[in-house]
Every structure is written in C-alpha cells, then in structure tokens.
Amino acid sequence: MNRALEPRCFHCGEALPADPVTVRIGDQDRLVCCTGCGAAANWIRDAGLADYYTLRQADGARVDIAPGDYSAWDRGDVQSGHAVATPEGREITVVVEGMRCAACAWLIDHALRREPGINEVSANAVTGRVRIGWNPVSTPLSHVLARLASLGYRPHLAQGEQAERERRRERNRLIARLGVAALGATQAMMFAEALYLDTANEMAPATRDFFRWVTFLVSTPVVFFSGWPFLAGMAAELRHRRPGMDTLVATSVLLAYFASLVETLRGGAHVWFDAAVMFVLFLLAARFLERMARRQASAQLDTLARAQPALAWRETVAGREQVPMAALAPGDVVQVAAGDTVPADGELLDRAAAMDESLLTGESAPVPKAAGDALYAGSTCRESAARLRVSRTGSDTRLSQLTRAVEQAQAQRPRLARFADAVAMRFVVALFIAAGLVFWAWWLVEPARAFEIALAVLVVSCPCALSLAVPAALATSHGALAKRGVLALGADALETLAQADTVVLDKTGTLTLGRPRLVRADAVGDGDLQALQRIAAALEANAGHPLAAAFADGAVPVASNVVAAPGQGVSGVVDGREWRLGRAEFACAGKDDGALWLGDGKRAFARFEVADPLRPDAREAVAALRALGLAPRLLSGDGQATVAAVAAEVGIADFKARQSPEDKLAAVRALQAAGHRVLAVGDGINDAPVLAGADVSVAMAAGAPLAHRSAGLVLAGSALMRLPEAVALARRCRRIIHQNLGWALAYNVVALPFAALGWVTPGLAALGMAASSLVVTANALRLGRAPRGNE
C-alpha cells in the first residue's frame with residue numbers, strides 16, 4: 001500500500017495499529033497510534049494549545065507511554081557544570097529530540113510556561129535546544145522535564161554549555177546591532193527624505209541644518225556600534241595586509257559618514273548619512289541570515305555531539321549504583337533501561353536488543369543487536385533493557401571522534417573558498433583604483449557630484465556576494481549531509497565528490513554488512529577442531545578486520561606479536577607457537593581456494609569457510625551510482641568465487657579478487673592516469689592506502705579508525721544508499737556555487753558602469769549590494785531542502 005494513503009497517527013504520523021486510540025481535537029475525532037500520543041494530544045487540547053496542529057510543518061515525535069523518571073536531574077552533581085544560578089533561581093539548557101519545526105518550539109514555550117515556578121523558556125527549533133529558567137523552591141527540574149517528555153520531546157543533558165552561552169551572547173550582540181541599525185536607518189531615512197523632497201532648494205538653511213544634525217545623531221550609533229564588526233574586520237585585514245570585504249565596507253561607511261559631517265559643518269549641498277546607515281543595516285541583515293544558515297547547517301552535528309544521558313546505572317558487587325557520566329570508566333558494566341540513551345561505547349552483553357541509532361545515523365528504524373555487538377553512545381535502547389561493558393567514554397567515543405574530525409574539517413578553508421577570497425581581495429584593490437579614477441573623471445566634469453558617484457561605485461560593487469557565494473553553500477551542504485548520516489572530514493571532499501566519475505568499492509564491510517559468520521570448519525588430519533578454532537579467534541581478535549566477528553565465540557586464548565599482513569592474513573603467537581591465518585599460500589604454502597586456512601606457514605591445520613551477507617540496499621545503491629554516471633568497480637582481497645558471486649548479485653561487471661592493498665592502489669592510480677576521478681569506498685585497515693590515494697574517499701563508520709583518518713567522508717549509518725545521495729548533493733552544491741559565483745560576478749560587472757555613469761545613488765547602491773548578498777544566501781539555503789525534479 002502506498003505510504004501516503006496509509007492511515008497515520010494524527011500526532012506523530014506513524015502507522016496506526018489495528019486498535020487505534022480516538023481523541024477529539026476541535027470538532028473532529030482524530031486517531032492516534034497509542035495512549036502516549038493520545039495523552040499528549042488531550043493535554044495540548046485542554047491547555048488551549050491546539051493551534052499547534054494547525055501551525056506545525058511536520059509530524060510530532062511519538063510519545064512514550066511511560067515518559068521516564070527524571071528525578072535524578074534534581075541532584076546537585078548532575079546539575080553541576082550545566083545549570084547556573086540566576087536572580088530568579090536556576091537556568092539550564094537541554095537538548096531535546098523531536099523538535100522539528102517552529103511550531104514545536106512554540107508549543108514547548110507555551111506548555112512549559114504553564115508549569116509552576118518557571119521563570120523563562122526559550123526553545124530553538126534550529127538547534128534543538130531549550131533554555132529553562134526555574135525556581136527550585138517552587139518546582140523541581142524533574143517535573144519540568146517530565147512535561148517535556150510527555151509531549152514527545154525527550155530531554156538530554158547539553159554538554160559544552162559555556163561555548164553555547166558564548167554563542168548565545170554573540171547572537172544577542174548581533175541582534176542588538178541589527179536592531180540599532182534598523183531603528184537608526186529608519187530615522188535617518190525619514191529626515192533624509194525631507195531633505196530630498198526639497199528639490200527647489202526652498203528649505204530654510206536653519207531647518208536644513210537641523211535635519212542634518214538630527215540625522216548625524218541617529219547615524220552615529222549605527223556607524224560605530226552596529227558597524228563595529230566591519231570596523232574591527234578592517235583593522236584586522238589591514239594588520240595582515242590583506243584588504244578584503246570588511247575594508248571596503250568600513251571605508252565606504254566612514255567616507256560617507258565623515259564627508260557628510262564635513263558638508264554639514266560647512267553647509268554643503270549634499271550629505272550621505274542615509275547611505276552610510278543603509279549600507280550597515282543591509283550588510284548586517286545579510287550577515288545575520290548567513291550566520292543563521294551556518295548555524296542551521298551545524299545544528300544536527302551539534303545535537304549529536306552533545307546529547308548524552310545525565311546519569312548511568314553502573315553494576316557493583318552489592319547491586320547497582322547511579323553515577324554521573326564522568327564516573328564511568330572502560331571495563332564498567334552498565335545497565336540501560338528501555339527508552340534510555342546509551343551512555344558510552346561498549347559491547348552488548350547477555351541478550352539481543354534493538355537500538356535506535358537515528359541521532360547518530362539519521363536512520364529511523366531500530367537496529368537489531370546481538371550479544372557481543374558494539375553499542376555506541378547516543379543511541380537509544382528500545383523495547384527491552386540491555387547491559388553493556390564500557391569500552392570508551394566521553395571524548396573517546398566514536399561519535400566524539402567523528403564530531404571532532406568534522407569540526408576540524410569545517411574550520412578549514414576549501415579550495416573554492418580560498419579562490420573566492422583571493423578574487424575578492426584583488427577585486428577590492430581594483431575597486432579602490434576604479435573609484436579613484438571615477439572621482440577624478442567626474443571632478444573634471446562636474447565636481448559637485450564627484451564624491452557621491454565615487455562613493456556609489458565603492459558601495460554598489462562591494463564583493464559581499466562573492467565572499468558569501470562559496471561558504472554559504474558549503475555550510476548548508478554539510479548540514480544536509482549530516483542529516484543524512486554522512487559526515488564530511490575533508491575540506492575539499494564535497495568539491496571532489498561532485499567531480500567523481502568512477503567508484504571503487506571494497507566488498508567486506510562495504511557491500512556486505514561486515515558481520516561474517518562461520519559456515520564451515522574442518523580440521524586437517526586428526527587435529528582438535530575446537531582448539532584450532534579458538535586459536536583462529538585469538539589471532540583475529542586484535543587484527544582490526546571484520547572477519548574477527550566470525551570467530552568471536554566464547555573465551556579465547558591471548559595472542560601475542562600479532563601482525564596483520566594486508567591482503568594476506570594475520571600471524572601471531574598463541575600458547576608459545578607461531579600461527580598464521582589467511583590465504584592458503586600465506587598460512588600453509590598451499591594453493592588459494594577462496595577459504596581461510598590456519599597453519600604455521602608450511603603446514604595446514606584447519607580450513608574455514610566464512611559468509612558475509614550483503615547490505616539490503618547494496619544492489620540499489622550500485623544502480624543509483626551508475627545512474628549518476630559513476631562506473632562501479634569491485635576490488636576485494638577475498639577469493640575469486642566469493643567476489644564473483646557478490647559482483648553478480650549487486651550488478652558489477654568489472655571486479656578483481658585477491659587484491660592486496662598495493663594492488664588496489666595500483667588500480668586506482670591506473671584509473672587516475674587514464675583521466676578518471678576516482679571515488680573509493682572501504683572500511684578496513686587494508687583499505688587505508690586506497691582511501692588515501694583516491695581523489696575522494698568514503699569510509700564506513702563501523703570500520704577501522706585508520707580508514708576514517710584516510711577518508712574524506714564517513715557514512716555514519718549502515719544504509720549504503722546514503723552514498724549516491726551524497727554524490728547527488730555534492731553535485732547540487734557545485735551547481736549552486738557556480739550559480740552564486742556567476743550571479744556575483746555578473747552583478748558587479750553590470751552595476752559598476754551604472755554607478756560610474758552617475759545613474760545610481762549611494763543609497764540605491766547599498767540596496768542593490770545587499771540584495772545581491774541576500775540572493776546568494778537564499779540560493780545556498782535551497783541545498784537544505786530535498787531536491788525537486790531536476791534541481
């Protein structure tokens with residue numbers, strides 16, 4: 001049945017069960033999927049907030065029947081470092097799940113303000129953060145958070161609160177500057193209009209001067225308070241001898257301001273206070289929108305990095321104890337209740353569980369986990385409780401490592417951005433020269449208009465749009481990728497990904513799930529098969545290859561001097577004897593037959609056959625990559641028969657088996673020599689050379705850390721379809737950047753001669769320049785939306 005035609009829950013949008021719950025909203029009966037959603041809908045109706053359902057742009061989050069116990073959040077050791085004292089009580093910022101649009105923020109604001117003891121609530125739908133001010137004497141924090149959860153917005157402790165407060169202060173300063181600029185510009189334009197309407201010069205000099213002095217007074221805070229970011233930016237650029245956009249903006253504003261002041265003092269014919277304040281206002285508005293785009297782009301990553309449970313249940317000899325996150329250490333055994341968030345990376349113990357990894361990967365379907373599987377901090381335990389043995393905590397978790405890598409990548413300047421900056425810098429220098437020449441030419445023809453026209457040239461051709469063309473598009477693209485579970489680690493990864501025409505794929509862990517299972521084991525001669533299998537498990541335990549999972553069955557001996565031979569196998573010492581596990585020629589000097597052999601380098605002791613199931617969407621992903629014009633090639637270290645079977649199943653005609661890392665790298669080099677731009681995808685240690693050598697590379701998040709360090713992008717989820725989606729988005733980003741650069745250059749080429757001919761006033765020039773910047777920013781924001789048609 002078509003999903004769009006299926007009956008859906010009125011509150012959360014999920015499929016309705018056979019016996020849905022009925023609630024009455026307004027004058028209509030609505031069906032919801034569970035009593036949790038029904039209770040939320042009834043409370044929203046009874047609170048007089050039913051307008052939420054009219055205002056919302058997306059379905060709400062499903063509400064747990066039992067929202068959870070938040071009493072631990074009232075503890076001082078939990079709030080320490082997160083809640084701050086205020087004159088009215090305390091203030092804390094939490095990250096919530098399920099805030100999907102502005103209507104959600106509206107609902108949270110109005111719902112929490114109805115709770116007793118609440119002093120302030122501020123919900124931000126972009127960042128997913130809610131700032132709560134409350135009086136602990138009147139109401140505990142746990143009651144407020146329980147109300148949040150009862151509406152479907154599960155709260156998490158927000159880390160890095162100091163950095164968040166600084167961002168908030170910076171945003172508030174920008175809003176204050178923008179407000180002063182808007183107020184000042186409005187007043188300045190009102191008085192300037194009175195002066196402009198005196199076309200017959202009939203206004204008394206005293207009245208004219210009065211209007212000019214009032215305009216001077218309202219313009220001064222706009223220039224020096226609202227315009228301070230441009231003045232400070234000019235000082236920094238001149239200090240580094242790299243004049244850029246801020247130098248041009250500040251120079252234009254100061255010229256207009258001080259020239260107007262001089263004209264006011266001497267009773268000259270013209271003043272340009274209005275041009276100065278309009279320039280500041282329009283540029284601040286464009287900068288504010290651009291920062292909103294950047295903030296929205298990083299909001300998904302910010303939420304992933306900071307969403308953690310407040311406490312964890314750690315097992316002890318006497319039972320269990322609830323401890324703050326900082327108290328966890330590797331080796332601890334932690335209990336995670338159904339619906340709770342996994343506090344650290346670790347290994348699932350005892351029994352199977354289902355994990356919601358949507359915060360990490362963007363995939364909404366719960367992921368089944370078996371005993372021994374890895375669990376990751378930030379995922380949510382569904383359906384039943386789980387126990388895990390902690391392996392990594394805090395900043396050592398996989399999520400934290402990936403987040404740091406992405407933050408470092410976003411702090412770098414891509415080639416395109418550096419190119420745009422270089423062009424803008426040269427353009428600024430050329431523009432100053434052009435303005436000087438225009439001033440000189442008009443001084444010879446009509447001295448009274450020379451300054452005004454030169455100022456219009458400086459303002460109208462300010463390369464603001466050129467400077468915004470690349471960063472705005474890249475920031476929005478990074479945010480869209482993060483929502484899809486794709487993290488860009490390389491500064492130039494998106495640009496190169498858009499140019500790729502060939503994709504080289506690994507098999508194990510890439511096209512397959514990387515969860516191999518042992519399907520057959522045979523001892524050679526009269527050897528003890530179980531003992532030999534434990535030796536193989538010991539060798540693979542620290543090999544960093546997905547095949548280790550096939551042998552992980554119970555306790556195994558400890559192997560020492562373990563050395564991985566990429567593309568061949570692994571060797572090590574077990575119980576005082578040297579063993580090898582891998583291809584026949586490596587393990588026992590035999591002939592390769594596609595199986596794994598255990599030997600001592602000369603003699604064979606056991607033979608193992610391992611199978612690894614394909615990813616469910618592997619064939620679809622390969623077909624999508626081919627539809628995008630990328631020629632797929634499969635290079636694997638596995639045997640011929642295995643590789644041929646996988647290639648046939650996913651539809652790849654060009655494949656090679658028994659490829660060592662050197663062979664894979666040589667194949668990539670050959671493709672590059674033939675003029676191809678190669679995208680490589682892999683996950684293991686043996687993939688690191690080819691990932692580093694390709695033009696652009698993608699590593700699977702579950703793969704080896706060395707593969708991550710060699711890759712330009714990481715797929716955080718298990719869905720391989722994210723790969724063609726990332727390629728399509730990178731190409732859209734490239735088109736948007738080309739459009740932005742084309743628009744910015746065309747605008748400047750057209751606007752400059754109009755201004756030089758005296759057809760554009762400084763005020764109109766400021767409006768045109770700001771409009772150009774806004775067009776570029778708005779065009780870049782299209783990347784955050786799903787593509788339509790041929791977009």
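Predicted model: local features only at pLDDT ≥ 70, side-chain atom pairs only at ≥ 80, totals over all residues.

User: What holds the strands of a sheet together in general, and what is the order of the strands in the open sheet of six?

Analyst: Strands of a sheet pair through backbone hydrogen bonds, and the pairing can be either parallel or antiparallel. Here the six strands follow the order S20-S25-S24-S23-S22-S21 in an open sheet, and their pairing is antiparallel. The edges are formed by strand S20 (517-523) and strand S21 (559-565), each of which pairs on one side only. If direction is ignored, neighbouring strands of this sheet are turned by 20 degrees against each other on average.

User: How should I read charged side chains, and how many salt bridges does a search of the whole structure find?

Analyst: Side chains of opposite charge can pair when their charged atoms come close. The search of the whole structure finds 17 salt bridges. One of them joins Glu91 and Arg131, whose closest N and O atoms are 3.7 Å apart; this pair links distant parts of the chain, since Glu91 is in strand S4 (residues 89-96) and Arg131 is in strand S6 (residues 129-134), 40 residues apart. Glu91, Arg131 and Glu120 are also linked in a network of salt bridges.

User: Why does Glu91 count as buried, and why does Arg131?

Analyst: The reasoning needs one cut-off, namely that buried means under 20% relative accessible area. Glu91 counts as buried because its relative accessibility is 14%, and Arg131 counts as buried because its relative accessibility is 15%.

User: Which residue forms a salt bridge with Asp332, and are the two partners buried or exposed?

Analyst: The partner of Asp332 is Arg314, with the closest N and O atoms 3.4 Å apart. This pair, too, links distant parts of the chain, as Asp332 lies in the loop between strand S10 (319-324) and strand S11 (333-336) while Arg314 lies in strand S9 (residues 311-316), 18 residues apart. Asp332 and Arg314 are both buried.

User: Where in the chain do Arg392 and Asp345 lie, and what is the burial of each?

Analyst: The side chains of Arg392 and Asp345 meet in a salt bridge at 3.2 Å, N to O. Arg392 is in strand S17 (residues 386-392) and Asp345 is in strand S12 (residues 345-349), so that the pair links distant parts of the chain, 47 residues apart. Arg392 is partly exposed, with a relative accessible area of 33%, whereas Asp345 is buried, with a relative accessible area of 1%.

User: Turning to helices, how many residues of helix H5 are buried?

Analyst: Seven of the ten residues of helix H5 (residues 141-150) are buried, and the helix is mostly covered. The buried residues of H5 are Leu141, Ser142, Val144, Leu145, Leu148, Ala149 and Ser150. Just after H5, Gly152 takes a positive phi of about 100 degrees.

User: Finally, which residues make the nonpolar surface patch?

Analyst: Phe439, Trp440, Trp443, Leu444 and Val445 make this patch, which covers about 610 Å². Val445 lies in helix H13 (residues 415-445), and Val445 counts as exposed because its relative accessibility is 66%.

Note on methods: Residues numbered from 1 in each chain as written. Heavy atoms only, no water. Pairing = 2+ DSSP bridges. Helix = DSSP H or I, 4+ residues; strand = E, 2+ residues; numbered from the N terminus. Axes fitted to C-alpha atoms, helices over the stretch in contact; angles between N-to-C directions. Patch = residues over 30% accessible without salt bridge, like charges linked within 9 Å, V, L, I, M, F, W, Y side chains within 5 Å. Areas by Shrake-Rupley, 256 points an atom, 1.4 Å probe, with all protein chains shown as cover. Salt bridge = Lys/Arg side-chain N within 4 Å of Asp/Glu carboxyl O. Buried < 20%, exposed > 50% of the residue type's maximum accessible area, 1.4 Å probe, protein only.
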